[in-house]
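Please open the model in your viewer and keep the selection panel at hand.

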Number of protein chains: 2
Amino acid sequence: MITAKNCVPPVEAVIRPTTIIEARRLVNTLGMNITLASETFQHTGSFKFRAAYNVASRVQEDLLITATSGNFGHALAYACSLLNKRCIVVVPTTSAKVKVDAIRECGGAVEFVDVRIKSRERRVKELSEQWPGAYIASAYDDLLVIEGNSTLGRELGALVNKPDVVVVPIGGGGLISGIITGLEEAGAAFSVIGAEPLEGNDAAQSLRAGEIVRNEGEPSTIADGARTISLGKHNWEIIRKSVSNIVEVPEEAILRGTRLLFELANLKVEPTGALCIGAVMTQPELFSGRSVCCVVSGGNVDPAIFANIIAV
Amino acid sequence: MITAKNCVPPVEAVIRPTTIIEARRLVNTLGMNITLASETFQHTGSFKFRAAYNVASRVQEDLLITATSGNFGHALAYACSLLNKRCIVVVPTTSAKVKVDAIRECGGAVEFVDVRIKSRERRVKELSEQWPGAYIASAYDDLLVIEGNSTLGRELGALVNKPDVVVVPIGGGGLISGIITGLEEAGAAFSVIGAEPLEGNDAAQSLRAGEIVRNEGEPSTIADGARTISLGKHNWEIIRKSVSNIVEVPEEAILRGTRLLFELANLKVEPTGALCIGAVMTQPELFSGRSVCCVVSGGNVDPAIFANIIAV
């Protein structure tokens with residue numbers, strides 16, 4: 001029997017394809033063969049919609065609860081609005097205002113948490129006890145997140161001009177593990193390198209240690225999409241096998257990357273979205289002589305913060 | 001006999017297709033059914049490359065001279081570099097620094113002119129006497145410019161989701177007349193509305209008078225791509241027949257449009273590129289109930305100017 005639930009469009013039918021940008025002036029300035037895959041024009045302005053829609057459309061529950069630095073919450077709220085579901089989003093009090101506003105615009109309920117006092121995870125646990133019928137959606141550590149993000153890997157795998165290497169920002173690891181999964185599905189043997197803020201370098205430490213290493217607290221990096229405590233377990237299993245390098249990007253390189261994308265590629269990105277350009281500048285020897293696809297993860301940033309970054 | 005000149009790729013083969021952006025939050029905020037056609041990721045960051053490449057590839061001369069507020073000069077310099085030609089670009093001393101730098105990066109020679117003392121046209125005339133073998137390329141009033149820009153009209157005419165109306169910025173009128181030409185070639189009967197700064201409203205005045213009206217001097221609008229003295233003659237013949245309305249956009253609406261595109265569409269645009277959003281806000285009654293395609297003409301803007309616009 002066909003029910004309404006069977007008729008829900010799959011994630012592939014709802015997402016927008018990534019925007020491929022060839023930025024000659026950026027290439028000339030960095031002296032490297034770089035193409036950008038920008039998710040800034042994805043629904044809700046970041047790749048997170050790929051994962052959020054996949055989760056919200058594939059679970060049975062009609063109420064979803066999540067903890068997030070903002071973009072996943074916005075994406076989940078919008079996905080739920082498309083699917084006639086509800087969601088509660090737990091965000092740190094330090095989140096970008098634009099991200100919080102955006103969640104509310106989509107009908108999502110926002111719960112603030114001061115992470116100096118209580119972890120996001122603890123607040124989610126309290127809420128899950130209050131709403132026992134809810135699905136607790138991890139922003140990164142969920143097979144449905146990886147599956148949603150794999151759509152981007154398949155897109156990159158199908159590019160006409162195939163890159164030698166794809167650089168991907170790492171927070172909880174949901175994007176990079178999704179991209180690896182999608183590339184494998186597309187039969188594309190590109191090498192995949194991670195880009196992580198030096199200020200919260202748990203993934204690079206994990207790769208060196210051979211096991212998940214956690215940050216002591218929420219990292220204070222400007223790249224607010226990468227302020228995660230540790231990699232997700234599902235993601236780690238994929239990362240440990242398939243990622244050879246994770247570049248630890250200093251804050252100054254993240255800021256410079258944001259400026260260069262603005263000035264030389266006409267691209268508005270959030271600092272997390274500039275991690276890959278920052279990585280290329282930080283360890284150029286990893287990329288020299290190779291064609292490089294930099295994934296720009298999102299573009300949602302407070303105007304005041306952005307103005308400060310570019311007006312140097 | 002096939003010569004090297006016959007082998008030059010036509011403009012259609014070299015340009016990038018325009019970037020169609022559906023910005024849900026912008027649509028919700030303005031309460032109008034708007035799609036963006038952004039030329040900010042075109043070669044050299046504005047639609048001008050379509051015209052410049054067409055001119056440079058179609059004329060016999062190997063040296064081109066032009067007067068421009070910057071984007072056409074950048075585009076012509078890049079087109080010439082692709083075609084192994086040379087160009088001299090006359091720019092006002094008030095031009096955005098990013099535009100001047102960009103011309104030089106492409107190997108174009110820059111000649112400054114203080115437009116309070118001498119018109120750009122006069123300086124071009126002097127240079128043409130100095131270089132009698134050069135082609136004097138108008139940034140807007142040339143059939144080859146219209147032909148180059150018509151590629152964008154054909155793209156819009158071929159959209160799957162056809163708009164009722166296309167809104168186009170007007171400076172010298174080369175873009176709007178090219179788009180009208182291309183739409184006609186594509187058999188697309190969209191209505192076309194112009195968007196012009198109120199501070200330099202010669203096109204709107206021309207439409208009312210039934211003949212070309214000139215601004216007294218170079219307009220001081222923030223929309224530096226529209227600081228033209230008057231419409232081109234070739235363009236006027238097309239505009240008078242096919243444009244029903246030209247919205248005169250106050251400076252404040254241009255600035256607000258720039259901000260809204262940044263905040264709600266993740267799009268970095270130069271002020272001229274926000275004219276159409278400014279037009280929709282200025283005369284909403286012209287657009288209400290219709291599906292509207294706003295052409296975003298370019299994205300090249302000095303970071304300091306942009307930071308001031310968004311940090312309000």
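**Between the chains**

Begin by displaying both chains together: between chain A and chain B the count is 2 salt bridges, a salt bridge being a side-chain nitrogen of Lys or Arg within 4 Å of a carboxyl oxygen of Asp or Glu. This is a predicted model, in which local features need pLDDT of at least 70 and side-chain atom pairs count only at pLDDT 80 or more, while totals for chains, interfaces and linings use all residues. Residues are numbered from 1 along each chain as its sequence is written, chains are lettered from A and ligands numbered from 1 in the order in which they are written, and side-chain values use heavy atoms, with hydrogens and water left out.

Select Arg25(B) and Glu105(A), whose side chains meet in a salt bridge with an N to O distance of 2.7 Å. Then widen the selection to the whole contact (heavy atoms within 4.5 Å), which takes 30 residues from chain A and 30 residues from chain B. The area buried between chain A and chain B, that is, the accessible area (1.4 Å probe) that two parts lose on being put together, summed over both, is about 2,500 Å², and carbon and sulfur atoms give 55% of that area.

**The nonpolar core**

Next, select Leu36, Leu267 and Phe287 in both chains. Leu36(A), Leu267(A), Phe287(A), Leu36(B), Leu267(B) and Phe287(B) are the residues with the most contacts inside the largest nonpolar core, which has 72 residues. A nonpolar core is here a set of buried Ala, Val, Leu, Ile, Met, Phe, Trp, Tyr and Cys residues joined through side-chain atoms within 4.5 Å, where buried means under 20% relative accessible area, exposed over 50%, and partly exposed in between (1.4 Å probe, protein chains only). Centre the view on Leu267(A): leaving aside neighbours within four places in sequence, Leu267(A) is in contact with residues of chain A, including Ile21(A), Leu36(A) and Val296(A), and also with Phe41(B) and Lys268(B).

**A parallel sheet in chain B**

Which strand order does the open sheet of 4 strands have? The order is 5-4-3-6, with parallel pairing; helices (H or I, at least four residues) and strands (E, at least two) are DSSP runs, numbered from the N terminus, and two strands pair if DSSP finds at least two bridges between them. Strand 5 (109-113) and strand 6 (135-137) of chain B stand at the edges with a single partner strand each, so one side of each is left without a neighbour in the sheet. From one strand to the next, the twist averages 20°.

Within this sheet, select residues 63-67 and 86-92 of chain B, which are strand 3 and strand 4 and pair in the parallel sense over 5 bridges; Leu63(B) has Arg86(B) as its bridge partner in strand 4.

**Salt bridges within a chain**

The structure holds 32 salt bridges over all chains. Return to chain A and select Arg123(A) with Glu111(A), a salt bridge whose closest N and O atoms are 3.0 Å apart. This pair links distant parts of the chain, with Arg123(A) in helix 6 (residues 120-130) and Glu111(A) in strand 5 (residues 109-113), 12 residues apart. Arg123(A) is buried, with a relative accessible area of 16%, whereas Glu111(A) counts as partly exposed at 26%.

In chain B, compare Arg208(B) and Glu248(B), whose side chains meet in a salt bridge at 3.0 Å, N to O. Here Arg208(B) is in helix 9 (residues 202-209) and Glu248(B) in strand 9 (residues 243-249), 40 residues apart.

**Two loops with positive phi**

Finish with two loop residues. Thr44(A) has a positive phi of about 65° although it is not a glycine; Thr44(A) lies in the loop between strand 2 (33-38) and helix 3 (48-58) of chain A and counts as buried at 8% relative accessibility. Asn84(B), also not a glycine, has a positive phi of about 55°; Asn84(B) is found in the loop between helix 4 (71-82) and strand 4 of chain B, and counts as exposed at 71% relative accessibility.

Definitions and conventions. Axes are lines fitted to C-alpha atoms, for helices over the stretch in contact, and angles run from 0 to 180 degrees between N-to-C directions.
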